[in-house]
Amino acid sequence: MASTVVPAIRVQREDFDVAAEIAALTEGRADIGAVVTFSGLCRDEKGALAALELEHYPGMAEAEIGRIATEAIGRWPLQGLTVVHRHGKITPGENIVLVVAASAHRQAAFEAANFLMDYLKSRAPFWKKEHRADGSEGGWVEAKEADDEAADRWKTPDK
Amino acid sequence: MSTKLIYFAWVRERIGKPEEHVELPAGVETVADLLRWLKSRGEEYENALQYPDVIRVAINQEHVGHREKIAGAREIALFPPMTGG
């Protein structure tokens with residue numbers, strides 16, 4: 001049942017393989033009916049961006065993603081959950097973040113993945129700095145109010 | 001008791017160091033008190049903490065609000081709004 005699901009959480013410099021992560025969740029199981037994956041990639045901002053430098057808070061990054069994952073497992077009947085977040089220098093076209101949510105039915109998997117991403121954006125301790133294509137340093141990416149609003153819509157009356 | 005302060009992103013850059021250990025003076029009881037006290041420690045702190053409302057804080061690696069008491073905190077982190085994902 002849902003309460004026994006242990007999320008797989010990794011914060012790493014290396015890239016990840018989306019197909020391998022899905023396979024790791026579903027291999028040898030016949031009870032999963034839906035797998036939703038979200039991958040976030042670094043985009044080049046129409047050629048202006050050379051790379052993103054992702055700073056993170058080691059220890060808290062894993063702990064906070066764990067708290068968000070535990071909340072998702074409590075809210076939706078998930079059968080598996082994987083979250084991978086990269087740090088370090090990431091160039092356009094590369095992966096940044098992955099959420100894989102597995103459930104018996106699609107709705108729970110879609111909603112849980114959506115919730116995870118909204119919360120990761122505003123609560124997981126990562127910060128992006130831009131390296132610009134023209135060689136200048138660029139600045140820290142500013143948090144978007146829309147991301148906070150996206151996270152707020154999941155709030156339940158008792159929280 | 002000495003408390004470890006950790007800084008990230010532009011808070012770290014403006015203060016000019018990733019972490020430090022400080023002895024908190026009496027009267028610094030909440031996160032808001034801590035931000036006010038730090039701001040008075042020099043130009044670099046003033047620059048980093050000019051708008052305290054935007055500073056996010058974690059005590060022992062968990063998010064807290066500015067009214068949170070800091071008694072017993074081993075590690076307090078100060079950072080800008082997060083931009084992961």
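## Starting point: A:Ile9

In which strand of chain A is A:Ile9 found? A:Ile9 is found in strand 1 of chain A. Helices (H or I, at least four residues) and strands (E, at least two) are DSSP runs, numbered from the N terminus.

This is a predicted model, in which local features need pLDDT of at least 70, side-chain atom pairs count only at pLDDT 80 or more, and totals for chains, interfaces and linings use all residues. Residues are numbered from 1 along each chain as its sequence is written, while chains are lettered from A and ligands numbered from 1 in the order in which they are written.

A:Ile9 has 18 C-beta neighbours inside 10 Å, so it counts as partly exposed. The cut-offs are these: a residue is buried if 20 or more other C-beta atoms lie within 10 Å of its own, exposed if 12 or fewer, and partly exposed in between, with C-beta atoms placed from the backbone. Leaving aside neighbours within four places in sequence, A:Ile9 is in contact with A:Glu62, A:Ile65, A:Gly66, A:Ala69 and A:Val83. Contact means that the C-beta atoms of two residues, placed from the backbone, lie within 7 Å. A:Thr37 is 28 residues from A:Ile9 along the chain, and their C-alpha atoms are separated by 14 Å.

## The sheet of chain A

Chain A has an open sheet of 4 strands. The strand order is 1-4-6-2, and the pairing is mixed. Two strands pair if DSSP finds at least two bridges between them. Strand 1 (8–12) and strand 2 (34–41) of chain A are the edge strands, and each pairs on one side only. The twist averages 5° from one strand to the next.

Strand 2 of chain A runs antiparallel to strand 6 (residues 95–103) of chain A, and 8 bridges join them. One pairing can be named: A:Thr37 has A:Val100 in strand 6 of chain A as its bridge partner. In a regular strand, side chains alternate between the two faces of the sheet.

## Helices of chain A

Helix 1 (residues 18–26) of chain A lies across strand 2, strand 4 (78–86) and strand 6 of chain A. Helix 1 runs at about 25° to strand 6 of chain A. Helix 3 of chain A also lies across strand 2, strand 4 and strand 6 of chain A, but runs at about 150° to strand 6. Axes are lines fitted to C-alpha atoms, for helices over the stretch in contact, and angles run from 0 to 180 degrees between N-to-C directions.

How do helix 2 and helix 3 of chain A meet, and at what angle do they cross? Their axes come within 10 Å and cross at roughly 150°. That makes helix 2 of chain A roughly antiparallel to helix 3 of chain A. Angles under 35 degrees count as roughly parallel, over 145 as roughly antiparallel, 65 to 115 as roughly perpendicular and the rest as oblique.

By class, the contact has 9 nonpolar, no polar and 2 charged residues. Ala, Val, Leu, Ile, Met, Phe, Trp, Tyr, Cys and Pro count as nonpolar, Asp, Glu, Lys and Arg as charged, and the others, Gly among them, as polar.

## The sheet of chain B

Chain B has an open sheet of 5 strands, in the order 2-1-5-3-4, with mixed pairing. Strand 2 and strand 4 (62–64) of chain B stand at the edges with a single partner strand each, so one side of each has no neighbour in the sheet. The twist averages 30° from one strand to the next.

Strand 1 (residues 2–7) and strand 2 (19–23) of chain B run antiparallel, joined by 5 bridges. B:Ile6 stands opposite B:Glu19.

Strand 5 (residues 75–79) of chain B has 4 of its 5 residues buried, so the rest of the structure largely encloses it. Strand 1 of chain B pairs with strand 5 in the parallel sense over 4 bridges, and B:Tyr7 has B:Leu78 as its bridge partner. Strand 3 (residues 56–59) of chain B runs antiparallel to strand 5, with 4 bridges. There B:Val57 stands opposite B:Leu78, and B:Ala58 stands opposite B:Ala77.

## Where the chains meet

The contact between the chains takes 21 residues from chain A and 14 residues from chain B. On the side of chain A, helix 2 (60–75), helix 3 (106–123) and strand 7 (126–132) each supply at least two residues. Helix 3 of chain A gives the largest share, 5 residues. By class, this side of chain A has 13 nonpolar, 4 polar and 4 charged residues.
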